[in-house]
Amino acid sequence: MKKLLKPKLIFIFLGFIFILMNVIAYFHAYKFTHFDTDIKTKTADAQHLSTLKKIKTIFLGVNNPRPNSEIKPQVPYQTIHLQSNKKIVGWYLPTDSALGTVILFHGFSGMKAGMLDKATIFQKLKYNVFMIDFMGSGESEGNQTTVGFMEAEQVKTSVDFIKQKGENNIILFGTSMGAVAIMKAINDSKIQPSKIIIECPFGSMLETTQARFKTMHVPSFPMANLLVFWGGLQNGFNAFKHNPSEYAKNINCPTLLLYGEKDDKVSINETNTIYNNLKGKKLLKTFPNAGHENYLNKYENEWKSVVGKFLR
C-alpha cells in the first residue's frame, strides 16, 4: 500500500507544481502586456523590496506604469487622431522643402515624446516627421501592448495617412518593439516604404522572453514558454509565431539595421539572422558599448553619420 501511495503523492506534487507555474505565468504575462494606469513608477528591483513584496512580485508579476509624458514638441506640429485597430494619436512635424517623411515608432514602454530627439535630427536632415503613440501608450487608446503584433496594423494606418497627404518618399524608423511592428507590417500588409531603419528588433517572441531569464541568471525553460503561451492567449494571437526573423524574409526595401553589442535583451545571433534574411539592399551597423537603449546616449555623432548617409 505504501509503495502505491508514494508514486501517487509524487504525481500530485508534480501536478501542483505544474498548476502553480501556469498561474504565475498567467499573471506575469498579463502584467507584461497590460500597463497599470494606477501607478507612476515601475515595481522596484528585488533588492529594494520587502520580503512580502518580493513574494507578491514573484507570484503576481511586475507592475509597469502606463507610459505618459507632458513633453511637447518645441517646433510647429499638428496633433493627428487616427482610427486603426485601436484609436491612436500622433504628431506631424512639417519641414520646409522636405525630401520626404520619416515615421517614427517607439519601443516597449515608450511613447512618441521619447522620440523627439530623433525627430529633431530627421528634421535637420530635411524630412517631415510623423510620430505616433502605439496603443496603450501616451495619448492613444487603452493600456494593452502586444510587443509589435497588433501594433503592426497601426504602422500600416500611419503609412496610409502619410500617403494620403501625397507623400511618395516614406521612411520608417522603429526601435525595439517599433522595429518589430514595422517588419510585421511589411510582411503582413505589403506596405512599401522607400527605406526602413530598425534598431535592435528581437528574433522571436520566445527568444526575447528567454533573454529576460538569462539576465537574471535563471533557467528559462519552461517558464519562458508558458509566458509566451499565456501572453498570446490573453491577447488573442499565437505568440510563438511572432517571429521578426521570418518577417525579414519578405522585406525587400533598403534597410539599415542598428544594434548595440552589449544588448542583454537581443542577442547578436538574432541580429545576424534578421540581417541575413533581409532580401533587399542592407547595412548592419553595431555600437560596441551600447546596450538595449537609445544609441544617441553614447554614439550620437556616429548615429547621425550612418543614418544621414543611409538616407542620402
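Select Leu256 and show everything around it: leaving aside neighbours within four places in sequence, Leu256 is in contact with Ile196, Ile197, Ile198, Leu283, Lys285, Val306, Val307 and Phe310, where contact means heavy atoms within 4.5 Å. Leu256 belongs to strand S7 (residues 255–260); strands (E, at least two residues) and helices (H or I, at least four) are DSSP runs, numbered from the N terminus. With a relative accessibility of 0%, Leu256 counts as buried, a word that means under 20% relative accessible area, while exposed means over 50% and partly exposed lies in between, using a 1.4 Å probe and protein chains only. Draw a distance from Leu256 to Ile198 and you will find 6.3 Å from C-alpha to C-alpha, although the two are 58 residues apart in sequence.

Before going further, note that this is a predicted model, in which local features need pLDDT of at least 70 and side-chain atom pairs count only at pLDDT 80 or more, whereas totals for chains, interfaces and linings use all residues. Residues are numbered from 1 along each chain as its sequence is written, and side-chain values use heavy atoms, with hydrogens and water left out.

**The sheet**

Now switch to a cartoon view and look for the open sheet, in which 8 strands follow the order S1-S2-S4-S3-S5-S6-S7-S8 with mixed pairing; two strands pair if DSSP finds at least two bridges between them. Strand S1 (78–83) and strand S8 (282–287) stand at the edges with a single partner strand each, so one side of each has no neighbour in the sheet. From one strand to the next, the twist averages 20°.

Next select strand S3 (residues 101–105), where 5 of the 5 residues are buried, so the strand is largely enclosed by the rest of the structure. In a regular strand the side chains alternate between the two faces of the sheet. When you show the side chains of S3, Thr101, Ile103 and Phe105 point one way, while Val102 and Leu104 point the other way.

Which strands pair with S3 in the parallel sense? One is strand S4 (residues 128–133), joined to S3 over 5 bridges, and here Phe105 stands opposite Ile132. Another is strand S5 (residues 170–175), also parallel to S3 over 5 bridges, with Leu104 opposite Phe173. Continue from S5 to S6, which runs parallel to S5 and is joined to it by 5 bridges; the bridge partner of Ile171 in S6 is Lys195.

**Helix H3 and its surroundings**

Select helix H3 (residues 116–124) together with helix H10 (residues 296–311), and you will see two helices that pack at an angle of about 35° with their axes 11 Å apart; the axes are lines fitted to C-alpha atoms, for helices over the stretch in contact, and angles run from 0 to 180 degrees between N-to-C directions. Where they meet, Asp117, Lys118, Ile121 and Phe122 in H3 face Leu296, Trp303, Lys304, Val307 and Leu311 in H10.

Keep H3 selected and bring back the sheet: H3 lies across S2, S3, S4, S5 and S6, and runs at about 160° to S4. Colour Leu116, Lys118, Ala119, Ile121, Phe122 and Gln123, which are buried in H3; the buried residues of this helix pack against strand S2 (87–93), S3, S4, S5, S6 and H10. Just after H3, stop at Lys126, which takes a positive phi of about 75°.

**Stops in the loops**

In the loop between S3 and H3, select Ser109, which has a positive phi of about 65° although it is not a glycine. Is Ser109 buried, exposed or partly exposed? At 36% relative accessibility, Ser109 counts as partly exposed. Compare Val147, in the loop between S4 and H4, which has a positive phi of about 55° and, at 6% relative accessibility, counts as buried.

Apart from neighbours within four places in sequence, Gly203 is in contact with Asn243, Pro244, Ser245, Glu270 and Ile274.

Finish at Pro222, in the loop between H6 and helix H7 (223–235), and zoom in on the backbone, where the peptide bond from Phe221 to Pro222 is cis, with omega near 5°.
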